[in-house]
Amino acid sequence: MTAAITLHLMRHGATAADGRLIGHHDAPVTAAGIAACVAAAAPLSVARVVTSDLARAAACGGAIAAARTVPVRADPRWRELDFGEWEGRRPDTIDPAALAAFWHDPDVAPPPGGERWSALTARVGAALTEVADATLVVAHAGAIRAALAVTCGLDARQVWAVELHHAGVVSLRLWRSPAPVAQIVALR
């Protein structure tokens, strides 16, 4: 097994669309959301920042990188799950049975026209094979949960139980060989 690296996963700051299912569509992050991310990153040892290519994550990651004078790059594999026809909707406006089926098994019952959980975990899993030590990834709750599923062996229902608030950070000790495996070091 290869040597472990440190990986920090941060959820982007609060947006103007909180309370809605926002996947591949974008919603602007608030100034307070960006500031919260910069503050949350302050105690972390970070040599580089990788962000989702969606503006709500990229703005937060860019601000962190500028404050730390470290490189930043966008990687679309860290995007949120595509909610298809549910994009932009509040959960209480979606058929309760369909939404319950999704929360129970998002691979068997994805949002109509949306992405399956296995597609999200596959792309995040591929991104995990390329992260370097002391990386901060600024992404989305779904992508972070997918990373936990891939590296910690959790199923979709188990990762839903992990609360990931805006500007929240999950720090991992990650081994990448032969497949990504992690130990959760901190959840803030």
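**Pocket and cores of a predicted model**

Trainee: How much space lies in the largest pocket?
Mentor: The largest pocket holds about 430 Å³. A pocket is an open set of points on a 1 Å grid over the protein atoms alone, where a 1.4 Å probe fits and protein lies on both sides within 12 Å along at least five of seven lines. The volume is the space filled by probe spheres set on the points, which are joined across faces, edges and corners.

Trainee: What kind of model is this?
Mentor: This is a predicted model, in which local features need pLDDT of at least 70 and side-chain atom pairs count only at pLDDT 80 or more, while totals for chains, interfaces and linings use all residues. Residues are numbered from 1 along each chain as its sequence is written, and side-chain values use heavy atoms, leaving out hydrogens and water.

Trainee: Which residues of the lining lie nearest the centre of the largest pocket?
Mentor: They are R11, R20, L21, E80 and A141, out of 24 lining residues (those with an atom within 4 Å of a point).

Trainee: And which helix gives the most to that lining?
Mentor: Helix 5 does, with three residues. Helices are DSSP runs of H or I with at least four residues, strands are runs of E with at least two, and both are numbered from the N terminus.

Trainee: Changing topic, which residues touch the most other members in the largest nonpolar core?
Mentor: L7, L9, W78, V124 and V137 do, in a core of 35 residues. Helix 5 gives the most to this core as well, with seven residues. A nonpolar core is a set of buried Ala, Val, Leu, Ile, Met, Phe, Trp, Tyr and Cys residues joined through side-chain atoms within 4.5 Å. Buried means under 20% relative accessible area, exposed over 50%, and partly exposed in between, with a 1.4 Å probe and protein chains only.

Trainee: What lies apart from this core?
Mentor: Another core of 17 residues does, with V46, V49, I64 and V169 among them. V169 is placed in strand 5 and counts as buried, at 1% relative accessibility. Beyond four places in sequence, the residues that V169 touches (heavy atoms within 4.5 Å) include H8, L9 and A40.

Trainee: How many disulfides are there?
Mentor: There are zero disulfides under the rule that two cysteine sulfur atoms lie within 2.5 Å.
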